[in-house]
Amino acid sequence: MSLKDQLNIQKLPKHIAVIMDGNGRWAKGKGKFRIFGHQNGVKAVKETAEACAEIGVQYLTLYAFSTENWSRPKDEVNALMELLVSTIRKETKTLMKNNIRLEAIGDINDLPAKCQRELGEAIDETKGNTRLTMILALSYSAKWDMINAIKHIALEAKEGKVAIENIDTAMVDKFLSTKDYPHPELMIRTSGEQRISNFLLWELAYSELYFTPKLWPDFNREDLYQAILDYQQRERRFGKTSEQLA
Ligand code: IPE
Ligand code: IPE
Ligand code: MG
């Protein structure tokens, strides 16, 4: 039986988040420049998104560029921004064909104007699509997002719109850039690194974490199914005991 056939469709995660890591090492292993790895990461993005849409995952958040990634060599940053522009331009029609809605989280104002424009147009064009929402985390870090939320809540408190004792988890959720999406049940990181790297710190509080040594450009739909199967075999207790769940 294929991996896909083994999936329990009733128990699919609604939202999968991915730290797409290992592009640089993939390229280095082939004696190429790092950007060659990023370019080859695009097909893994396409395959993952299409597989998610096909099986019925509703949200896919992809960590594409972190706040910290701005500190990389200028050439690499520029090449990544160019790749973003050209990929969006080329792939918007595929998103339309596959009924995928594109969204973005992060400090989008920090992206070059051309990126913002291209991204904005694709978001607008795909906004009526309903099969899968693909969220690109760009110039994103969870601490950036949480500081924004804290500032907003502090302002509401200062203006008397909220009493401090009423600040709760639902309110924090409401002020994060991820407010429109359920929290991811599953987080996948490729490349063997086992860390969160400032990704969705709040939203991952009870997510199942899955780490694979595969480098991102090699990640394919079978790897995705494998991760979901692993997830489906876990018992999610949310602090309770096994007996309580039964
Ligand atoms: C992930 O691959 C892509 C981005 C962070 C933009 P890396 O570029 O981090 O690849 P490694 O980790 O150096 O191999
Ligand atoms: C995390 O990867 C960010 C993205 C995948 C966009 P990094 O390669 O930047 O993470 P660290 O710095 O090695 O943890
Ligand atoms: Mg990396």
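This is a predicted model: local features need pLDDT of at least 70, side-chain atom pairs count only at pLDDT 80 or more; totals for chains, interfaces and linings use all residues.
Helix 6 gives the largest share of the lining of the second largest pocket, four residues. Sorted by class, its lining has seven nonpolar, five polar and six charged residues.

From here the reader can turn to the largest pocket. Its volume is about 960 Å³. Several elements give two or more residues to its lining: helix 2 (23-29), helix 3 (34-55), strand 2 (59-66), helix 4 (74-97), strand 3 (100-105) and strand 4 (132-140). Among these, helix 4 has the largest share, with nine residues. The lining as a whole has 42 residues, and M20, N23, Y63, A64 and F65 lie nearest the centre of the pocket. By class, 21 of the lining residues are nonpolar, 11 are polar and 10 are charged.

The shell around ligand 1 consists of M20, D21, G22, N23, G24, R25, R34, H38, A64, N69, R72 and L80. Helix 2 supplies the largest share of this shell, three residues. The shell has three nonpolar, five polar and four charged residues. At D21, a polar side-chain atom lies 2.8 Å from an oxygen atom of ligand 1. At G22, a backbone N or O atom is 3.3 Å from an oxygen atom of the ligand. At N23, a polar backbone atom lies 3.1 Å from an oxygen atom of ligand 1. On its own, ligand 1 has 380 Å² of accessible area, and the protein covers 87% of it.

Around ligand 2 the residues are I19, M20, D21, Y63, A64, F65, S66, N69, R72, R189, R195 and S197. Which element gives the most to this shell? Strand 2 does, with four residues. Five residues of the shell are nonpolar, three are polar and four are charged. Here the contacts listed next are made by side chains. A polar side-chain atom of R195 is 2.6 Å from an oxygen atom of ligand 2. An N or O atom in the side chain of N69 lies 2.9 Å from an oxygen atom of the ligand, and for the side chain of R72 the distance is 3.2 Å. The protein covers 78% of the 390 Å² of accessible area that ligand 2 has on its own.

Rolling a probe the size of a water molecule over the atoms shows where empty space is left. The count comes to one cavity of 30 Å³ or more, and the largest cavity has a volume of about 30 Å³. Its lining is made up of H15, T61, I105, T178, Y181, P182, P184, L200 and E203. By class these are five nonpolar residues, three polar and one charged.

Conventions. Residues are numbered from 1 along each chain as its sequence is written. Chains are lettered from A and ligands numbered from 1 in the order in which they are written. Side-chain values use heavy atoms; hydrogens and water are left out. On a 1 Å grid over the protein atoms alone, a cavity is a set of points where a 1.4 Å probe fits but cannot get out, and a pocket is an open set with protein on both sides within 12 Å along at least five of seven lines; lining residues have an atom within 4 Å of a point. Grid points are joined across faces, edges and corners, and a volume is the space filled by probe spheres set on the points. Ala, Val, Leu, Ile, Met, Phe, Trp, Tyr, Cys and Pro count as nonpolar, Asp, Glu, Lys and Arg as charged, and the others, Gly among them, as polar. A residue is near a molecule or strand if one of its heavy atoms lies within 4 Å of it. A polar contact is a pair of N or O atoms within 3.5 Å; within protein, one must be able to donate a hydrogen and the other to accept it, and residues adjacent in sequence count only if both atoms are side-chain atoms. Accessible areas come from the Shrake-Rupley method with a 1.4 Å probe; for residues, only the protein chains shown count as cover.
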